[in-house]
Amino acid sequence: MNKQTRFYALAARYVALLSFLLLLSFSAFSQASTQKFSAQEIDEILYHIHTYYVEDLPLSRYNAGNLSSLFDNLDPYSKYLNEEDLESIFSAANGRYTGLGIEVEEQDNYVVILDTLPNSPAAQAGIESGDKLHAINGANVAGKSIEEVSALLKAANKNLINLVVLRQGELVALELKRQEIVIESVASKLLNDGTGFLSVNSFNHHTYHDVARHINRLQVQLGSPLKKLVIDLRDNPGGTLNSAVAISDLFLDSGTIVTTKGRFYDANQAYIAKRGDILNGAPILVLINNSSASAAEILAAALKDNKRALVVGLRSYGKGSVQSLIPIGNGTTALKLTTARYYTPAGTSIEGKGIEPDVYFTKQALSLLDKSAIITGEESIKTTGIEQLASHWPKALALVQSQ
């Protein structure tokens, strides 16, 4: 589940862990089985897994000359990252990436456009939702996987790309270039009754400040403190742990936000809320679905377990582990290694289980809460489905008053 400024700080050779990351959205990482490692890199990889991996693996059973079997026995979030993978992670953590700005999935032998980012090269070129990618620079891509299509687009670098899409049975030719795109992780809307609607799409290094800025803007627009707040975490794949903790702290006066536990000393942390609630106790509803993961689950659980918000929707994804980036070799590559499990304020691990909402909504009911329509304000309250939440505000208020 992206690119930007390269963090040359990584070139400095050091063994210290850089930062915790909770990213889910990168599925096309390089495979260790096809990677050639030097003897020094192999030693480093074995040392780091032996020292930092969340489970104590008996490394003696693995062949140091072939690390693929070792990587196969790590959890699915632990990977070797080549230079491009690493750059993608840092870019996403900084809310930027280089590309066309398209969201896609494989359907019926095609890579199909689901959506385009506002002001992205794809949006400016006229790519539409439902378009099927047919050819890239003269090469037919029907039947190609997302990874193969992505490789072709990346190979074009920032040169002109001739794209042909299949749209309603006709071939449409388009020209565009990959560009650096800034991803807005937060959007908001002030609803008519003084309720703020806050959509958080990911947790990057800027998200904490963006959340605070959006809430301040809503309150200025209202001319008084917000009466209620909806935090929409649907389809949020996660991001950085620090961002999730800081945003949770915005809404909490006290209590545990999250704890982490691992095999080495620094992996064991307890994050405690500092005094100060940006909403002064106004009730909160949190929306989650099956694609709310990782950092999004940390925020939802922190507000739920501290009785600060009523969580509404579907059971969340269930990613309860913390990954660290550990530089390898000259620092341009790294291990993304699971170094800890995290636990909600109630002491629960959500790994593989997810967060159970206080109030279940069906998928159909959730789909009626149209995020885009709410944010743009182009539709009525009834059309956006926001009226479904009305009956749950008393429960959210009762939670706050029970503290």
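Q: In β20, which residue is the bridge partner of K79?
A: Strands of a sheet pair through backbone hydrogen bonds, in the parallel or the antiparallel sense. Here the bridge partner of K79 in β20 is K336, and that bridge belongs to the contact between strand β2 (residues 79-81) and β20, which run antiparallel and are joined by three bridges. Two strands pair if DSSP finds at least two bridges between them, while helices (H or I, at least four residues) and strands (E, at least two) are DSSP runs numbered from the N terminus.

Q: What should be kept in mind about the model and its numbering?
A: The model is predicted, so that local features need pLDDT of at least 70 and side-chain atom pairs count only at pLDDT 80 or more, whereas totals for chains, interfaces and linings use all residues. Residues are numbered from 1 along each chain as its sequence is written, and side-chain values use heavy atoms, with hydrogens and water left out.

Q: How many bridges join β19 and β20, and in which sense do they pair?
A: Strand β19 (residues 321-328) pairs with β20 in the antiparallel sense over eight bridges, and within this pairing S321 has R341 of β20 as its bridge partner. The two strands form a hairpin with four residues between them, and in the turn G329 has a positive phi of about 60°. Strand β15 (residues 256-261) also pairs with β20 in the antiparallel sense, over three bridges, and T260 stands opposite Y342 in β20.

Q: Is strand β20 mostly covered or mostly open?
A: Strand β20, which spans residues 333-343, is mostly covered, with 10 of its 11 residues buried; buried means under 20% relative accessible area, exposed over 50%, and partly exposed in between (1.4 Å probe, protein chains only).

Q: What is the strand order of the open sheet of six strands?
A: The order is β11-β12-β13-β17-β18-β21, and the pairing is mixed. Because β11 (186-190) and β21 (359-360) stand at the edges with a single partner strand each, one side of each is left without a neighbour in the sheet. Within this sheet, strand β12 (residues 195-200) and β13 pair in the parallel sense over five bridges, with K228 in β13 as the bridge partner of T195.

Q: How many residues of helix α8 are buried?
A: Helix α8 (residues 295-305) is mostly covered, since nine of its 11 residues are buried, and among them are A295, E297, I298, L299 and L303. A further buried helix residue is I247, whose relative accessible area is 1% and whose place is in helix α7 (residues 241-251). I247 and L218 are 29 residues apart in sequence, and their C-alpha atoms are 17 Å apart in space.

Q: Does N109 count as buried or exposed?
A: At 56% relative accessibility, N109 counts as exposed. N109 is found in the loop between β4 and β5 (110-116), and its phi is near 75°, a positive value in a residue other than glycine.
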